[in-house]
Amino acid sequence: MTRRFLILFLILSGLSVIKSQSQILSSDDRLRQMIKQFGQAEVSMPYPGTKSIEIITRNVSILSVKDEIVYISLSPVTLDWFLGQKLNYQIVEKAVPRGLITASGISEAMEWDVYPTYTQYDSIMRSFQKLYPSLCRLDTIGTSIKGQLVLALRITSANTTEDKPRVFYTSTMHGDETGGYILMLHLADYLLKNYGANSRVNTLLDNLEVWINPLSNPDGTYRNDNTINSATRYNANGVDLNRNFPDPFNPNSFKQKETLDMIRFMRKHRFVLSANFHSGNEVVNYPWDRYLGKLHTDDTWFYTISRAYADMVHNYSSPAYMNFLDNGVTRGAVWYLVYGGRQDFVTSELQGREVTIELDDQFITPAAQLPLLWNNNWHSLLGYLENALYGIHGMVRNINTQAPLPAKVFIDGYDKDSSQVYSDTLTGRFVRFLSPGSWNLTFSALGYRPQTIKNVVVNEGQKTDITIDMVPIESGIDPLVKSPLLLYPNPAQNHLNALLPDDIAEEVNVKIYNQTGKLLSDYNVQVSRETPVEIDLKLLSEGLNFIRFKNKVTGATYHGKFVVGGK
């Protein structure tokens, strides 16, 4: 009898183990099924500590960190890596989105309280140009993987003919974050309808070029058909576009078509100020996202404009709206680290100034709440654009011919991490945003004597105009005289430092080859004089490698070689 009970006990115990194992396996299988069906899945896990979260954020998309819980989105591209880590996770059960009303036609869609089909969206964007030809021009940033257009509107008046600073609003690079999509369409409609009747709108359009891209990931928003009912965060390849921009911490990531098109578009237009709209939380997020231990040199200015957006929202919304973290404001890395984000790329490589604005705790805003989202934010949307009217606005030119000059504009002892700006090659114009105070600006241009303008005063909410006439160096510059390239430590382990000659500072292309000539890495980086460039070697194999640095403007080039491994 005892033996029979023992056998029964062992059988039951075995069944219990099998059942337990089945439950564990079923969680993984459920994730696979969810991703196959919906294109994505969400999980949560306890905050694992700084070192672990650094590894996680390099490989999957963190959605948020709240109350020591990490929320993660998984795609077909990232699922296997995540499951391979054997982490203690829970699946976040997502309710089927409700209230996703699709417009029956363009007229209904332009009431801004329903969602358009993609076909209607395309027609709406074309109608803006047709209805307001003197104010609006439709441009194409590029196409998605599936060939859908990524569109942008240029809205400005013809009342002033001089070159105007360009500003940029873009939304829904995560396809299932849809509130900003409708908000941007509504804003374009508001600006066009109110020009000539509203002094605030007149000032904006008379003095700025306002560019609006309502939908930067159409394949994610319209994943399966012409409606948003099956929207997903990712593009058609399952890639998170806001982890796909060039980043010194991840230089070898393969860039998606949408990313490459957006980079070309932003390089062409050189926006002085921009904002990228998302959902899933309610907060204004400013640089840096990738550096926890250091602040942007204009951190105070960034906080001020972010604080102003959130505070204006609070004036027109309920107390419960946009109060996450520091009452609606955060520096990105303090919240959680992001690598390959657009915000940091724009700010570091393009010398723009960009923030990320999370509009809604819900990823997909129900149609009935779209008017409320507008009422909460439209004053702040105008106010944020008005920041581009302030700061230092200047022109750099040749003292003899008055011809415009491309020049570096920087503040010695203050600027760092590519915070300097550049005057436009064609117009010589530049904009530098700074906190109120008195500033000494230095101007340098190839073939001209450096010039410093002292005590340039910046007042809050005001514009300071200056003109700089630069003196040519009559003796010219000898292109054959070059200072040496210094690479250290060499041999190197995980990182290599490169101290570059002064004539190759600014925007530099970096290429790394192995001994056979195979290209291992190709990316761009901003280089400051007398500041070493840190090269990440973690993905390189041991052995001899060759590196090339090329200034993208002047073409000045330096080569070196280094060894990975050794002591």
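This is a predicted model: local features need pLDDT of at least 70, side-chain atom pairs count only at pLDDT 80 or more; totals for chains, interfaces and linings use all residues.
Visitor: At what angle do helix α10 and helix α14 pack?
Guide: Helix α10 covers residues 299-316 and helix α14 covers residues 370-386. α10 goes past α14 in a right-handed crossing. Their axes lie 8 Å apart, and the packing angle is about 150°.

Visitor: How many charged residues does the contact of α10 with α14 have?
Guide: On the α10 side, the contact includes Ile 305, Met 312 and Val 313, while α14 brings in residues including Asn 375, His 379 and Leu 381. Sorted by class, there are seven nonpolar and five polar residues in this contact. As for charged residues, the count is no charged residues.

Visitor: What is the volume of the largest cavity?
Guide: Searching the whole structure turns up five cavities of 30 Å³ or more. The largest cavity comes out at about 220 Å³.

Visitor: Which residues lining the largest cavity are closest to its centre?
Guide: The lining has 23 residues, with six nonpolar, eleven polar and six charged. β2, α12, α13 and β12 each give at least two residues to that lining. Closest to the centre are Asn 242, Arg 243, Tyr 336, Thr 356 and Glu 358.

Visitor: Which helix supplies the largest share of the lining of the second largest cavity?
Guide: That cavity holds about 80 Å³ of space, and its lining includes Thr 170, Phe 245, Asn 276 and Arg 342. By class, the lining splits into four nonpolar, four polar and two charged residues. The largest share is three residues, and they come from helix α9.

How values were computed: Residues are numbered from 1 along each chain as its sequence is written. Side-chain values use heavy atoms; hydrogens and water are left out. Axes are lines fitted to C-alpha atoms, for helices over the stretch in contact, and angles run from 0 to 180 degrees between N-to-C directions. Helices (H or I, at least four residues) and strands (E, at least two) are DSSP runs, numbered from the N terminus. A crossing is left-handed if the near helix is turned anticlockwise from the far one by less than a right angle, and right-handed if clockwise. Contact means heavy atoms within 4.5 Å. Ala, Val, Leu, Ile, Met, Phe, Trp, Tyr, Cys and Pro count as nonpolar, Asp, Glu, Lys and Arg as charged, and the others, Gly among them, as polar. On a 1 Å grid over the protein atoms alone, a cavity is a set of points where a 1.4 Å probe fits but cannot get out, and a pocket is an open set with protein on both sides within 12 Å along at least five of seven lines; lining residues have an atom within 4 Å of a point. Grid points are joined across faces, edges and corners, and a volume is the space filled by probe spheres set on the points.
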